[in-house]
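Here is a friendly walk through one protein model, with the helices and strands taken in turn. Keep the structure open beside the text and follow along.

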Amino acid sequence: MRSIVIAVTLAIFASACSSETAEPGPGTTAALTTTTTPVTTSTTTTTTTTFPPTPTTLPEAPRPDPPAPSPGQAVPPGSRGAVIVARGGADLFEEVDGEALVRAHEGLVFPVSARAGDFLEVLTPCDDTNWVPASEVVFTPATPEQTIGAGFDFADAVVVLDPGHGGPNYGATGPSGQREKDVNLDIARRTRDILATPHTINWVTGEVLDGSAIPPAGQVWVTRSEGPEGADIESGLNFRTALANSLNAHALVSIHNNAAPDGPYDGPGSEVYHQYLDDESKRLAGLLVEEMRRGFTPFGADWVGAFDAGAKFRVRANGDEVYGILRRSEVPAVIAEGVYISNPSEDALLGTPEFRQAYADAVYRALVRFVTTDDAGSGFTEPPPYTGTPSSGGPRTTCQVPAQP
């Protein structure tokens, strides 16, 4: 049986509430799956009724993080990958033969960059390099490099979701007072939940349905978890990209929402930044723009946006990548700016489970197309060189790894 590693949570949910059929679109790799049931009529004639996939019930909130795995599991070979801290926590050491710095909280995730005997070298969310006993974590080695596209099995996909901001870095704050970091985390966890379960997609309407045409993704990791009760986990940019790099992930999607538009916009002003010279990153950005526009347009809002909204890059005049997530990532990476939390109309939408789920559905559809088709995406723009100064994205000096009580 294929093992599925879900870094922060594995959500299994299914429901049935309607009977709309799903039409697989161009490039999808799996056919529509239905269930047939024999029905005996009053005249004893046997007929067959086909039940189509049904819409997934809208969850009010994402699934909670699952219990931490058991310690003492067999450690597979490999020196790159990622670990989940096992039940009871794990000691972190600056040196293998040194004293423990902290006992990291169970359920935390760390990228792995090296191995020394019974210890694994990890990077903490505070961007510090430490060592952890392999017996106190569950290690998943990096997946072999694979070429995605038409014919690729989504069950082999390795996806890293990055909820933007966190800890003392709030991101933007909407007129309602809701903070971008909280909205981003909710959307990322909803996306994780969809990726963890099988579905069928109606490629005409974009509706994500309960079904089996698309299997769960093989691995889904989240850079910033819900964490221990009361925790507000901070994650540095090095940590976020190291997690994707160490796993050889097929995609890294950093989930954000925007602020400071140029003015009114004819429809959702969604932006997705891609790596300047990476064709696969650009393709993923174009697919995300398509799916966001498809998913957001039915909602009523006084939309705003930038004059060059769409799939784009952000570089300086010398061609240097501006954003650290894109600059440091060795795998196809994008930064998705869904809608403008600074706009009262769009802020109100972001406060609803319906819109947050629509955002998660859009990311899911784009990832399915990115991994299993050769679709090119669209909505590409050519912005001028960037002259501003973005925030560093680095952890504060007060950053601490959550400790096991």
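## A loop residue to begin with

His 165 sits in the loop that lies between β12 (158–163) and α1. This is a predicted model, and in it His 165 adopts a positive phi of about 70° although the residue is not a glycine. Is His 165 buried or exposed? With a relative accessible area of 17%, His 165 falls under the 20% cut-off and is therefore buried.

## The protein as a whole

The protein contains 6 helices and 21 strands. Of its 405 residues, 55% are buried. Contacts across the sequence are worth a look too: among those between residues at least 6 apart, 77% join residues at least 24 apart.

## Helix α6 and its two partners

Let us turn to helix α6, which covers residues 353–372. This helix has 20 residues, and the distance from its first C-alpha to its last is 28 Å, close to the 28 Å expected at 1.5 Å a residue. How many of the residues of α6 are buried? The count is 19 of the 20, so α6 is largely enclosed by the rest of the structure.

Two helices that pack on α6 can be followed here. Two packed helices are described by the angle between their axes and the distance between the axes. Helix α1 (residues 180–195) packs against α6 at an angle of about 50°, and their axes are 8 Å apart. The two helices α1 and α6 are therefore oblique to each other, and α1 passes α6 in a right-handed crossing. On the α1 side, the residues that meet α6 are Val 183, Asp 186, Ile 187, Arg 190, Thr 191, Ile 194 and Leu 195. Their counterparts in α6 include Pro 353, Arg 356, Gln 357, Tyr 359, Ala 360 and Asp 361, and also Val 363, Tyr 364 and Leu 367.

## Helix α2

Helix α2 (residues 237–247) is mostly covered, with 10 of its 11 residues buried. Among the buried residues are Leu 237, Phe 239, Arg 240, Leu 243, Asn 245 and Leu 247. Just after α2 comes Asn 248, with a positive phi of about 55°.

| Strand pair | Bridges |
|---|---|
| β6 (residues 90–93) and β7 (residues 100–104) | 4 bridges |
| β8 (residues 109–116) and β9 | 4 bridges |
| β9 and β10 | 5 bridges |

The β6 and β7 hairpin has 6 residues between its strands, and Phe 93 has Ala 100 of β7 as its bridge partner.

Strand β9 takes part in a hairpin with β8 and in another with β10. The β8 and β9 hairpin leaves 2 residues between the strands, and Gly 117 in its turn has a positive phi of about 60°. Between β9 and β10 there are 5 residues. Asp 127 is found in that loop, between β9 (119–123) and β10 (129–133), and takes a positive phi of about 65° although it is not a glycine.

How is β9 covered on its faces? In a regular strand the side chains alternate between the two faces of the sheet. For β9, Phe 119, Glu 121 and Leu 123 lie on one side, Leu 120 and Val 122 lie on the other, and all are buried. With 5 of its 5 residues buried, β9 is therefore largely enclosed by the rest of the structure.

Definitions and conventions. Residues are numbered from 1 along each chain as its sequence is written. This is a predicted model: local features need pLDDT of at least 70, side-chain atom pairs count only at pLDDT 80 or more; totals for chains, interfaces and linings use all residues. Side-chain values use heavy atoms; hydrogens and water are left out. Two strands pair if DSSP finds at least two bridges between them. The expected span of a helix is 1.5 Å times one less than its number of residues. Buried means under 20% relative accessible area, exposed over 50%, partly exposed in between (1.4 Å probe, protein chains only). Axes are lines fitted to C-alpha atoms, for helices over the stretch in contact, and angles run from 0 to 180 degrees between N-to-C directions. Angles under 35 degrees count as roughly parallel, over 145 as roughly antiparallel, 65 to 115 as roughly perpendicular and the rest as oblique. A crossing is left-handed if the near helix is turned anticlockwise from the far one by less than a right angle, and right-handed if clockwise. Contact means heavy atoms within 4.5 Å.
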